[in-house]
Amino acid sequence: MAGTSGMDSAGWDERYAAVELVWGAEPNRWLAAEAVDLPPGRALDLAAGEGRNAIWLARRGWEVTAVDFSGVAVERGRRLAGSEPADVADRITWKVADVRDEVGPAGAYSLVGVIYLHLVADERRRAIRHAANAVAPGGVLLVVGHDTTNLTEGVGGPQDPRVLFTPDDILADLNAEAGGAAADWVVERAERVLRPVRTADGEPRDAIDALVRLRRRR
């Protein structure tokens with residue numbers, strides 16, 4: 001989602017302003033699959049874009065903080081949430097901020113999602129560090145993005161190999177940027193997953209995503 005390296009917040013503002021919904025209204029399939037059985041609590045949606053994941057979580061009873069550095073995306077998300085029942089809309093706090101530098105309070109969230117945030121390696125490590133610090137004991141950190149192999153074996157996604165990553169990259173980020181604290185986490189999933197898509201000419205293809213789900217030890 002928003003935050004791909006090579007485009008600043010103004011560039012993403014322009015992209016979001018150009019179409020009605022860049023990413024559609026349905027939640028990301030991996031977040032929905034991984035979060036569906038989690039008991040609702042406090043969630044942090046980083047690089048939230050237009051809020052499709054935040055709104056889905058709020059419908060399920062989560063109190064969500066949705067963060068993106070595009071003011072246009074955040075305002076659109078706020079408007080979309082405004083069409084939901086009041087008890088859903090009121091569960092979402094919208095925030096314009098750069099997830100490389102600013103994130104919610106430490107240890108405050110039972111779910112932190114970093115969904116399709118693509119940055120060069122040093123910036124990604126910073127973002128993962130902030131995301132990890134925000135997870136409460138017993139909470140889940142979920143990172144999903146276009147896998148490095150998607151460039152040559154999959155379809156779609158960023159075409160710059162510097163911003164793609166593998167599950168092992170995320171695990172290494174956690175160890176490097178959390179002060180070597182990988183032992184504080186249980187790796188529940190760290191794998192490449194296939195996401196069926198259709199190309200512009202209607203042909204079915206598989207995009208290749210990296211999915212990492214970790215749980216902070218209590």
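**Entry 1: basis of the notes**

I record that this is a predicted model, in which local features need pLDDT of at least 70, side-chain atom pairs count only at pLDDT 80 or more, and totals for chains, interfaces and linings use all residues. Residues are numbered from 1 along each chain as its sequence is written, and side-chain values use heavy atoms, with hydrogens and water left out.

**Entry 2: the chain**

I noted eight helices and seven strands in the protein chain; these are DSSP runs numbered from the N terminus, helices being H or I of at least four residues and strands E of at least two. Of its 218 residues, 52% count as buried, a term for under 20% relative accessible area, with exposed over 50% and partly exposed in between (1.4 Å probe, protein chains only). I then turned to contacts, meaning heavy atoms within 4.5 Å. Among those in the protein chain with a separation of 6 or more, 70% are between residues 24 or more positions apart.

**Entry 3: rings and charges**

I searched the whole structure for aromatic pairs and found zero. Such a pair needs ring centres of Phe, Tyr or Trp (its six-membered ring) within 6.5 Å, and it is stacked with planes under 30 degrees apart, edge-to-face over 60 and tilted for the rest. The charged end of Arg29 sits over the ring of Trp30, 5.9 Å from its centre. A charge sits over a ring if NZ of Lys or CZ of Arg is within 6 Å of the ring centre and within 35 degrees of the ring normal.

I traced an open sheet of seven strands in the order 3-2-1-4-5-7-6, with mixed pairing. Strand 3 (92-96) and strand 6 (185-198) are the edge strands, each pairing on one side only. The twist from one strand to the next averages 15°; axes are lines fitted to C-alpha atoms, for helices over the stretch in contact, and angles run from 0 to 180 degrees between N-to-C directions. Strands pair if DSSP finds at least two bridges between them.

- Strand 2 (residues 63-68) and strand 3 are parallel over five bridges, and Thr65 has Thr93 in strand 3 as its bridge partner.
- Strand 1 and strand 4 run parallel and are joined by four bridges, with Asp45 opposite Gly113 in strand 4.
- Strand 4 and strand 5 are parallel over six bridges, with Val112 opposite Leu141 in strand 5.

I also noted that six of the seven residues of strand 4 are buried.

**Entry 4: a residue of strand 2**

Is Ala66 buried or exposed? Ala66 is buried, with a relative accessible area of 1%. Leaving aside residues up to four places away in sequence, Ala66 touches Asp45, Ala48, Ala54, Ile92, Thr93, Trp94 and Lys95. The C-alpha atoms of Ala66 and Gly104 are separated by 9.9 Å, and these residues are 38 apart along the chain.

**Entry 5: helix 6**

I saw that helix 6 (residues 121-133) lies across strand 1, strand 4, strand 5 (135-146), strand 6 and strand 7 (204-216), at about 150° to strand 5. I checked its length: 13 residues at 1.5 Å a residue should span 18 Å, and the end C-alpha atoms are 18 Å apart, which agrees. The expected span is 1.5 Å times one less than the number of residues. The buried residues of helix 6 are Glu123, Arg124, Ala127, Ile128, His130, Ala131 and Ala132.
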